[in-house]
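Please keep the sequence and the model in view while reading.

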Amino acid sequence: MDKDINIKLKVWRQRGPKERGHFESYSLKGISQGSSFLEMLDVLNEQLVSEGKEPITFDHDCREGICGMCSLYINGHPHGPDTEITTCQLHMRKFEDGAEITVEPWRSAGFPVIRDLMVDRYAYDKIIQAGGFVSVNTGGVPDANAIPIPKRDAEEAMDAAACIGCGACAAACKNGSAMLFVSAKVSQLSLLPQGKVEAARRAQAMIAKMDELGFGNCTNTRACEAECPKGVSISHIARLNREFIKANLAD
Amino acid sequence: MWLLNSSVGRKVVMSLSGVFLILFLLFHLAMNITAVFSAEAYNMICELLGSNWYALLGTAVLAGGFGVHMVMALWLTWQNLQARGSSRYAVSDRPKNVSWSSQNMFVIGLVVCGFLLLHFAQFWYHMMFAELIGYHEVEVGGKMIGTTDGASFINYYFSHLWVVIAYLIWYVALWLHLTHGLWSALQTVGLSNRIWINRWKVITYVVATLICGGFGFVTLFFYIKSLLS
């Protein structure tokens with residue numbers, strides 16, 4: 001049964017990208033365990049505004065786990081202690097009465113803090129712009145039987161396409177590597193006939209952009225896979241490596 | 001050159017040099033196991049290798065592979081620290097399925113290197129190196145031992161408890177390094193997928209346990225032998 005709980009929050013506050021940040025502590029009373037984590041933050045912000053203080057800045061949009069905007073690092077885990085969910089899908093019933101919750105922004109050189117808990121994730125868009133697309137107009141949705149695609153490939157591509165680009169992979173990675181994201185964006189296209197044509201060029205362009213933006217080198221710790229809200233597998237990283245190596249050997 | 005200019009390329013170099021070093025460990029283990037069965041056979045191998053040109057060439061190639069692995073480790077680790085950024089998480093928690101060794105490969109590698117220096121000082125310095133600078137006998141523990149009399153070196157060093165304990169710690173560190181290293185290397189060169197990742201992991205644990213268990217067995221065998229004699 002959901003109860004009302006009292007919690008202590010330790011939240012990262014930082015006024016701007018160049019400012020020094022620090023933790024600030026807040027107490028909240030009577031938070032329903034049925035509320036979501038973001039609703040709890042809304043309650044806290046209401047409280048701060050009524051006290052005449054600056055509310056906490058954090059990213060959020062759809063609040064149903066598909067847009068990839070929410071991005072909090074809660075008690076040592078991106079998107080909190082639950083598995084395969086985004087922060088907006090996290091509920092307060094995951095926390096006990098009297099819990100102390102530490103909320104931090106993504107910390108990675110590729111994702112500089114804009115303010116408080118909000119980070120700049122434009123780097124991921126730049127990687128997509130480098131090659132995460134199909135160059136020709138492939139028309140409308142074709143009939144399912146028009147281009148036969150093996151079931152296994154279709155499933156693999158669909159699993160990769162589940163990536164919402166939230167940045168949890170790079171945030172969880174001790175190397176600040178974006179490989180899980182890049183590999184998902186490569187796999188979702190290269191497994192399908194429309195995307196296969198440019199597969200080699202795409203892998204090279206996206207890896208080059210990823211390196212240029214200062215993301216780290218993957219060491220296969222699997223932290224990304226464990227923290228990914230969409231359960232994207234590191235088998236996509238192996239595929240990306242394979243395609244990148246093949247493309248360079250062919251050159 | 002893509003092998004040095006791209007993140008994946010550098011990791012491929014790291015992986016291939018690592019796999020090369022694992023192959024050498026298997027070769028080294030085969031030699032050590034020989035000593036258990038026959039001191040003569042082991043000394044025969046020592047004489048065969050000694051400081052002959054092919055052994056020197058092999059050592060040079062091995063040192064090269066080792067050097068590449070270390071330089072790459074320093075380079076990649078430094079880059080990864082930069083990519084992580086200057087501010088650290090206040091709270092961090094290792095997720096399930098993430099092995100401790102996978103996140104500490106550099107430190108474990110340093111430990112392995114540290115014990116390797118001890119190993120060089122005890123064996124290689126008195127054997128191949130001594131021969132190279134013109135000695136055929138060296139004084140070890142108050143006795144003169146021939147530079148190709150490997151069996152006597154083993155008997156001497158592995159009769160000391162502290163040496164045995166140091167070597168066993170070394171093998172544990174090596175085991176931790178290999179249990180992440182081998183499958184990770186194969187994943188990096190792209191030889192993995194949803195099915196093979198689990199197969200490679202099993203193979204990795206078998207190979208790592210075989211190598212480190214084998215070395216441990218030989219070490220303990222000679223220690224116990226020294227106690228009984």
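Helix α4 (residues 53–84) of chain B is the element that gives the most to the nonpolar patch, with four residues. Helices here are DSSP runs of H or I with at least four residues, strands are runs of E with at least two, and both are numbered from the N terminus. The patch is made by F20(B), L48(B), W53(B), Y54(B), L57(B) and V61(B), and its surface is about 650 Å². Patches consist of residues with over 30% relative accessible area and no salt bridge; nonpolar side chains (Val, Leu, Ile, Met, Phe, Trp, Tyr) are joined within 5 Å and like charges within 9 Å. V61(B), a member of the patch, lies in helix α4 of chain B. Its relative accessibility is 47%, so V61(B) counts as partly exposed. On this scale buried means under 20% relative accessible area, exposed means over 50%, and partly exposed lies in between (1.4 Å probe, protein chains only).

The model is predicted: local features need pLDDT of at least 70, side-chain atom pairs count only at pLDDT 80 or more, and totals for chains, interfaces and linings use all residues. Residues are numbered from 1 along each chain as its sequence is written, chains are lettered from A and ligands numbered from 1 in the order in which they are written, and side-chain values use heavy atoms, with hydrogens and water left out.

**The two chains**

Chain B has eight helices and two strands, arranged along the sequence in the pattern α-α-α-α-α-β-β-α-α-α. Chain A has nine helices and seven strands. The table sets out further values for both chains; accessible surface is calculated by the Shrake-Rupley method with a 1.4 Å probe, and for residues only the protein chains shown count as cover.

| Chain | C-alpha extent along principal axes | Buried residues | Accessible surface | Share from carbon and sulfur |
|---|---|---|---|---|
| Chain A | roughly 60 × 40 × 35 Å | 52% of 251 residues | about 11300 Å² | 51% |
| Chain B | about 55 × 40 × 35 Å | 45% of 229 residues | about 12100 Å² | 72% |

Contact means heavy atoms within 4.5 Å. In chain A, 69% of the contacts between residues at least 6 apart in sequence join residues at least 24 apart. In chain B, residues 24 or more positions apart account for 72% of the contacts with a separation of 6 or more.

How are the charges placed? Lys and Arg count as positive and Asp and Glu as negative, while His and the chain ends are not counted; the place of a charge is NZ of Lys, CZ of Arg, CG of Asp or CD of Glu. Chain A has 29 positive and 33 negative charges, with mean positions 4 Å apart. Chain B has 11 positive and 7 negative side chains, and the centres of these two sets lie 32 Å apart.

**Salt bridges**

A salt bridge is a side-chain nitrogen of Lys or Arg within 4 Å of a carboxyl oxygen of Asp or Glu. By this rule there are 16 salt bridges over all chains.

One of them joins D116(A) and R13(A), with the closest N and O atoms 3.3 Å apart. D116(A) lies in the loop between β6 (113–115) and β7 (118–119) of chain A and R13(A) in strand β1 (residues 4–13), so the pair ties together parts that are 103 residues apart in sequence. Both D116(A) and R13(A) are buried.

Another links K151(A) to E155(A), where the closest N and O atoms are 2.7 Å apart. These two residues lie in helix α3 (residues 151–161) of chain A, four residues apart, or about one turn of the helix. K151(A) is exposed, with a relative accessible area of 60%, whereas E155(A), at 38% relative accessibility, is partly exposed.

E198(A) also forms a salt bridge with R202(A), the closest N and O atoms being 3.9 Å apart. Both E198(A) and R202(A) are buried.

**The surroundings of H22(A)**

H22(A) is placed in strand β2 (residues 22–32) of chain A and, at 38% relative accessibility, counts as partly exposed. Its contacts, leaving aside neighbours within four places in sequence, are with V11(A), W12(A) and R13(A). R13(A) is also the salt-bridge partner of D116(A). H22(A) and D116(A) are 94 residues apart in sequence, while their C-alpha atoms are 9.2 Å apart in space.
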